[in-house]
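I opened this notebook to record what I looked up in the structure, entry by entry. The notes begin with helix packing and move on to single residues, a pocket and the loops.

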Amino acid sequence: MGIHERLKYLRKRLNLTTRAFGASINMSGGAITNMEKGTRNITDRTIRDICREYGVNPEWMRSGTEPVFQDITEDLDVDEEVKQLAKQYNLLNERDRELVKRMIDSLAEKIEPK
């Protein structure tokens, strides 16, 4: 799988349209489409932006070396269940992250002492 196919794979795995994916890294949906098709090069800056925004392993993006995502939980001093939740949360788009935050806030209000 070449870099252009990895870009498309990543976008689909994140369940994003070309427009939404592009907007998240300040590019147009058309530019993303052209990169996925291989008619536009993927620059180092674009790779850095994608890796920063989505926690992608730069080595995977460039050469396909696993894992796809960086381990964002490596330095956390928490149990494995919390680490797994953090990894899953990191895969969500911004809208879904907001939904999760609201759900957690709502649950927390129910258990706070009165």
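Entry 1, helix packing. I looked up H1 (residues 3-13) and H3 (residues 29-37) and found that they pack at an angle of about 130 degrees, with their axes 7 Å apart. Axes here are lines fitted to C-alpha atoms, for helices over the stretch in contact, and angles run from 0 to 180 degrees between N-to-C directions. H1 and H3 are therefore oblique to each other, on a scale where angles under 35 degrees count as roughly parallel, over 145 as roughly antiparallel, 65 to 115 as roughly perpendicular and the rest as oblique. His4, Leu7, Lys8 and Arg11 of H1 make the contact with Ile32, Met35 and Glu36 of H3, where contact means heavy atoms within 4.5 Å. Sorted by class, this contact of H1 with H3 has three nonpolar, one polar and three charged residues; Ala, Val, Leu, Ile, Met, Phe, Trp, Tyr, Cys and Pro count as nonpolar, Asp, Glu, Lys and Arg as charged, and the others, Gly among them, as polar. Helices (H or I, at least four residues) are DSSP runs, numbered from the N terminus.

I noted the basis of these values: this is a predicted model, in which local features need pLDDT of at least 70 and side-chain atom pairs count only at pLDDT 80 or more, while totals for chains, interfaces and linings use all residues. Residues are numbered from 1 along each chain as its sequence is written, and side-chain values use heavy atoms, with hydrogens and water left out.

In H4 (residues 44-54) I found Thr46, Ile47, Asp49, Ile50, Cys51 and Tyr54 buried, where buried means under 20% relative accessible area, exposed over 50% and partly exposed in between (1.4 Å probe, protein chains only). These buried residues of H4 pack against H1, H2, H3, H5 (58-63) and H6 (80-90). Just after H4, glycine 55 takes a positive phi of about 65 degrees.

Which residues line the largest pocket? I listed Leu16, Ala20, Ser24, Glu53, Tyr54, Asn90, Leu92, Asn93, Glu94 and Arg97, and the elements that give two or more residues to this lining are H2, H4 and H7 (94-111). A pocket is an open set of points on a 1 Å grid over the protein atoms alone, where a 1.4 Å probe fits, with protein on both sides within 12 Å along at least five of seven lines, and lining residues have an atom within 4 Å of a point.

Asparagine 15, in the loop between H1 and H2, has a positive phi near 60 degrees and counts as exposed at 66% relative accessibility. Asparagine 26, in the loop between H2 and H3, has a positive phi of about 60 degrees although it is not a glycine, and asparagine 26 is exposed, with a relative accessible area of 75%. In the loop between H5 and H6 I found proline 67, joined to glutamate 66 by a cis peptide bond with omega of about 0 degrees.
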